[in-house]
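User: Could you walk me through reading a couple of features in this model?

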Amino acid sequence: MKKLKAFIVVLCLGIVMVGCNNTSKGAAIGTGGGALLGAIVGKLAGNTAVGAAVGAAVGAGTGAIIGKHMDKVKAQAAAVENAKVQEVTDKNGLQAVKVSFDSGILFATGGSTLSASAKNSLSKFASVLKNNTDCDVAIYGHTDNQGWKNSTAEESASKNLTLSQQRAQAVSSYLTSLGVGYGQLKTVEGQGQTNPVADNSPAAGRQENRRVEVYMYASQDMINKANNGQLQ
């Protein structure tokens, strides 16, 4: 048993310490290692773990191929106006793309109706999604922790949760109206004020926390293509 525990620790450390080039991203998940590390590496996607848990089906070569493919996806997303693009890791240790839109760009304060500039940005982003249908998509809405007028802290948190869900849904609905497939959008969820990325005390921090995030990550179809050498 002690030897088994030691092996697990070494395996985890080896994957966490793997190099940062895209050939090694995902390649760290060797045969049989993916299931063990799902809960660990999923947290690398911000505060939200994305991706279907496919575990040991993801091999070293597959991860490297997907890493190169997601570099292309990231470059396309980065060309969208008002989009902040980051590289993250999904539940399987595979490279994924996180796209954040400041809600100040997308919505009026306290509202969930998309602005004209938001529609312009999202129309360009819809093209990215339609060009990459082998990417699954998760959309999350977030708010800061500011209270609502004449509301208790608990009531304000509940209202913020509702607002974040409405904003995530507004983005989802607009993208599908532009031809993005419903089946591609695996998650549309509001997380309210529970996942801040900055300190809520200053106005600048609250601005960062008011956001909609879109994750593009490897679908099972993409993984299958990579396994079969068919992913470009």
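Predicted model: local features only at pLDDT ≥ 70, side-chain atom pairs only at ≥ 80, totals over all residues.

User: Is aspartate 144 buried or exposed?

Analyst: Buried means under 20% relative accessible area, exposed over 50%, and partly exposed in between (1.4 Å probe, protein chains only). Aspartate 144 has 7%, so it is buried.

User: Which residues does aspartate 144 touch?

Analyst: Contact means heavy atoms within 4.5 Å. Leaving out residues up to four places away in sequence, aspartate 144 touches Asn160, Gln193, Asn200, Arg206, Asn209 and Arg210.

User: How many aromatic pairs turn up in the whole structure?

Analyst: Rings of Phe, Tyr and Trp (its six-membered ring) pair if their centres lie within 6.5 Å; planes under 30 degrees apart are stacked, over 60 edge-to-face, and the rest tilted. The search finds two pairs. In one, the rings of phenylalanine 101 and phenylalanine 125 have centres 5.7 Å apart and planes at 70 degrees, so the pair is edge-to-face. Phenylalanine 101 and phenylalanine 125 are both buried. For tyrosine 140 and tyrosine 215, the ring centres are 6.0 Å apart and the planes at 80 degrees, so that pair is edge-to-face. Tyrosine 140 and tyrosine 215 are buried too.

Notes. Residues numbered from 1 in each chain as written. Heavy atoms only, no water.
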